[in-house]
Amino acid sequence: MDLTRFRQETEVIRHSSRTRLGKVALTLLIAALLTIFLLFITLPVVSLFLRISPEAFFRSLSEPVILDALSLSLTTATVSTVIVVVFGTPLALVNARYNYRGRNIVDTLTDLPIVLPPAVAGIALLMAFGRRGVVGQYLDLFGIHIAFTTVAVVLAQVFVASPFYVRQAKASFEAVDRLYEDAARTLGASPLTVAFRITIPLAWGGLISGAILSFARALGEFGATIMFAGNYQGRTQTMPLAIYTTMQGDLDAAISLAIILVMISFVVIAAVKIVTRRKF
Amino acid sequence: MKRSNQATLVAVSLLVIAALLVAGCVTNGETPEETTLTVFTAASLTGAFTDIGKAYEAENENVKVDFVFDGSQTLRTQIEQGANPDIFVSASIKHMKALQDAGFMDNDTVTPFLGNSLALVVPIDNPAGITDLADLAKPGVKIVIGTKDVPFGDYTRQMLDKMAADPKYGEAYKNAFMANVISEETAVSNVMPKLILGEADAAIVYKSDVSKEDRDELIRIDIPPEYNVMATYPLGILAASPHKAEAESFIAFVRGPVGSAILTDYGFDPLPAGD
């Protein structure tokens, strides 16, 4: 033990100048990588703002295609976030607190949409809920059509955005000290009371930031939506679809929509930062 | 131990950067005697031009033809934003004209070469029982058309305007038709799967869009000439193309007997050369 340490120390002395050089090189390398990376991320975003005059931006804000897309996007993303929270919270709570057989499988399945390419989600949803789909053919008998409607937009968003909330919610529930729950229980609180009075309030910050992330993902959804819900202004043409469509005829409108989405993204990041900094 | 880790990290990072630089400098290994022609082609020509490309490559072993099929307006946008094909084949004069005016095309080479027209297409089992244009205004029929910018969507709107001007159909028909539209697609190639999957009851596309393989899955219903819109397809060589001779040879092939036969077979009307 002592011997190895002695050897190391002599090595330090022998190579100290080389090490210092290495440290400088490493610092420079990291600085260069960092700068290139930051430029790579910021330059395209900044370019959006440089390619359009403020007048053209405000002018295109009054175009029906943009207003329709904006209101459709905000409505559907809000509805899908509510659905994700209602269905996702119990699931996250159960998986954070109870160890049952198959829990890992449930965890894997709820994470699946994160790694699944949106185009796969789109065709999968179509095969399930399309007019001739596995479920859709029976719904069709009752005159219920899902594919190519606003409902399809919401389903596509719920599908791709749910893991962002469920993961975050589960992590926040796991971080809640069980001591408080046990204390409440020994004082006679029912499991539901414990959940609503102790666990959820303590995990509040994480739940909110999870919901915001899920909302942001829903707002940006493109691939699954265009395949499963189609592209129709005012009905299924959300902001990303409107960007894709208007880019082929009205570049100003496409850039304006992109700028609106960039601004929303900044607000989302800021909101998550503020919410997660506040400790409950 | 820590120091050797740092050294390894530096070494690996430098290697990665060096590799990236080298990769950036080496151009894709194109042998001098083989030329690759990139042809941006309107999506409605997907089947026909794939066949023509194969026939051309069989006759010209030193030329490889790469196609990019998409809506003409998408391809136009890509060219405007820096894509460098050798040939652009558009489904409308409008998008070709825009590129010519902006100086992207070698204007002497741009010619109309093909005619096409619209058709009403329904799935083989025809779930909505559609037999003519009038049926498309019935409530609940699910129709797919093109966006206003893609040529076949533009022509569809022209058709609807002609019908709206005719008292037999009127403005009410156009409104009822548009209310039945479930999706506006940016390329013809996105329409057919929706019909074949049975998600849509009807679509307005080109008469050439029902390929031979599709004939047992789709039914084509002709649109009366008084409402139909005749589409003219132009093609031309890009001003910046480094392969002008090969591009001219390919265009001559498209307009020659083999190309014309394939195009006619797909339902297009090749225009005689020299227009």
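**Exercise 1. Count the helices and strands of chain B, then those of chain A.**

Solution. Start with chain B: nine helices and ten strands. Helices (H or I, at least four residues) and strands (E, at least two) are DSSP runs, numbered from the N terminus. Now take chain A: 13 helices and zero strands.

A note on the model. This is a predicted model, where local features need pLDDT of at least 70, side-chain atom pairs count only at pLDDT 80 or more, and totals for chains, interfaces and linings use all residues. Residues are numbered from 1 along each chain as its sequence is written, while chains are lettered from A and ligands numbered from 1 in the order in which they are written.

**Exercise 2. State what share of each chain is buried.**

Solution. First, the term: a residue is buried if 20 or more other C-beta atoms, placed from the backbone, lie within 10 Å of its own C-beta. In chain B, 44% of the 275 residues are buried. In chain A, 35% of the 280 residues are buried.

**Exercise 3. Divide chain B into domains and describe where they touch.**

Solution. Step one: find the bounds, which come from an automatic or database domain assignment. Domain 1 of chain B covers 35–115 + 232–270, and domain 2 covers 117–230. Step two: the C-alpha centres of these two domains lie 26 Å apart. Step three: 17 residues of domain 1 of chain B are in contact with 15 residues of domain 2 of chain B. Contact requires C-beta atoms, placed from the backbone, within 7 Å. Step four: look at the domain 1 side. Helix 2 (46–59), strand 2 (63–70) and helix 3 (72–80) of chain B each supply at least two residues. Helix 3 of chain B gives the largest share, three residues. Step five: sort this side by class. It has five nonpolar, eleven polar and one charged residues. Ala, Val, Leu, Ile, Met, Phe, Trp, Tyr, Cys and Pro count as nonpolar, Asp, Glu, Lys and Arg as charged, and the others, Gly among them, as polar.

**Exercise 4. Describe the contact between the chains.**

Solution. Chain B gives 20 residues and chain A gives 17 residues. On the chain B side, helix 1 (2–25), helix 3 and strand 6 (181–185) each supply at least two residues. That side holds five nonpolar, ten polar and five charged residues.

Definitions and conventions:
A residue is buried if 20 or more other C-beta atoms lie within 10 Å of its own, exposed if 12 or fewer, and partly exposed in between; C-beta atoms are placed from the backbone. Two residues are in contact if their C-beta atoms, placed from the backbone, lie within 7 Å.
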